[in-house]
Amino acid sequence: MKMSKGQIGRRLLGLAVAGVALAAGGAAFAELGQPAPWEWTLQESATGVMDTTTWFHTLLVWIITVITLFVLVLLIMVVVKFNAKANPVPSKTTHNTLIEVAWTLIPVLILVAIAVPSFRLLFQQLDIPKADLTIKATGKQWYWSYAYPDNGKFEFDSLLAQDKKPRLLGVDNEMVVPVNKVVRIQTTGADVIHAFAVPSFGIKIDAVPGRLNETWFKATREGMFYGQCSELCGKDHAFMPIVVRVVSDKEYTAWIEQAKKKFAVNGSRPTAVAAADGAK
Ligand SMILES: [Cu+2]
């Protein structure tokens, strides 16, 4: 099939319009705290670290786009201007000092421009501020356990709840934290390596048996935030979601009181199991 120039132009225009529409609609696909159908951007941010991560990501996309287009233009120029047909008598040029200095210096400057915000983000992630609250998240085959050593000293299990929405992300007992407080997460694996990750908070850290890794977040808005185990850990790797419920100070205090009673003695083990243990 042969297309006329007009047809090709119209097709390209159609593609461009579709691209712009998709880009404009991208924000609509993103949902706070959870993935959305056809989402192709990062999940909406709920912490300072994720704000910086999102900003840095956008910066890199722009830099890489400009570089790619620039190289494309150079390639086209080479093909059109410097082919054998256009140059029956080849040029004998071998050096051009100005260009050589430029193509060494400019990439160095670009790398420095990337390195500065990159290190700033790394420090923001790794330099953990004074924590208001510590939670220990233990990855197990295949669920998470959360311990609150500060208040109440209780621990409970968090298992996938098939009947809850969003599908494959809901759990029976979610981690609950207060809004605008620095939460330090200490994580370890009870059996194999798992990874604790919540995209909206910009955190992802391995939970390694025999070792305590830590990370932190300060959620700036209330709501439900979903994540998943992010290290292939066995057959039910896909079925051990992470759910963090961010609530007000008042709600948090109330929850702590409730949780202390609910999880204090027997953890979240079914009553029958606990009773059997007691009978031994
Ligand atoms: Cu896992």
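**View 1. Contact between helix 2 and helix 3.** Gly-48, Val-49, Thr-52, Thr-53, Trp-55, Phe-56, Leu-59, Leu-60, Ile-63 and Ile-67 of helix 2 meet Ile-110, Ile-114, Pro-117, Ser-118, Arg-120, Leu-121, Gln-124 and Gln-125 of helix 3 (contact: heavy atoms within 4.5 Å). The residues of this contact comprise 11 nonpolar, six polar and one charged. The model is predicted, and local features need pLDDT of at least 70, side-chain atom pairs pLDDT 80 or more, while totals for chains, interfaces and linings use all residues. Residues are numbered from 1 along each chain as its sequence is written, and side-chain values use heavy atoms, without hydrogens and water.

**View 2. Crossing of helix 2 and helix 3.** The axes of helix 2 (residues 48–81) and helix 3 (residues 97–126) come within 10 Å and cross at roughly 165 degrees. The two helices are therefore roughly antiparallel (angles over 145 degrees). Helix 2 passes helix 3 in a left-handed crossing.

**View 3. Helix 2 and its buried residues.** The 34 residues of helix 2 should span 50 Å at 1.5 Å a residue, which agrees with the 49 Å between its end C-alpha atoms. Val-49, Met-50 and Phe-56 are the buried residues of helix 2 (buried: under 20% relative accessible area, 1.4 Å probe, protein chains only). Their cover includes helix 3 and strand 8 (213–217).

**View 4. Surroundings of Gly-139.** Gly-139 lies in strand 1 (residues 133–140) and is buried, with a relative accessible area of 0%. Not counting residues up to four places away in sequence, Gly-139 touches Trp-144, Thr-188, Gly-189, Ala-190, Asp-191, His-194 and Met-240. Gly-139 and Ala-195 are 56 residues apart in sequence and 7.4 Å apart in space, C-alpha to C-alpha.

Definitions and conventions:
Axes fitted to C-alpha atoms, helices over the stretch in contact; angles between N-to-C directions. Helix = DSSP H or I, 4+ residues; strand = E, 2+ residues; numbered from the N terminus. Parallel < 35°, antiparallel > 145°, perpendicular 65-115°, else oblique. Left-handed = near helix turned anticlockwise from the far one by under 90°. Nonpolar A, V, L, I, M, F, W, Y, C, P; charged D, E, K, R; others polar. Expected span 1.5 Å × (residues − 1). Buried < 20%, exposed > 50% of the residue type's maximum accessible area, 1.4 Å probe, protein only.
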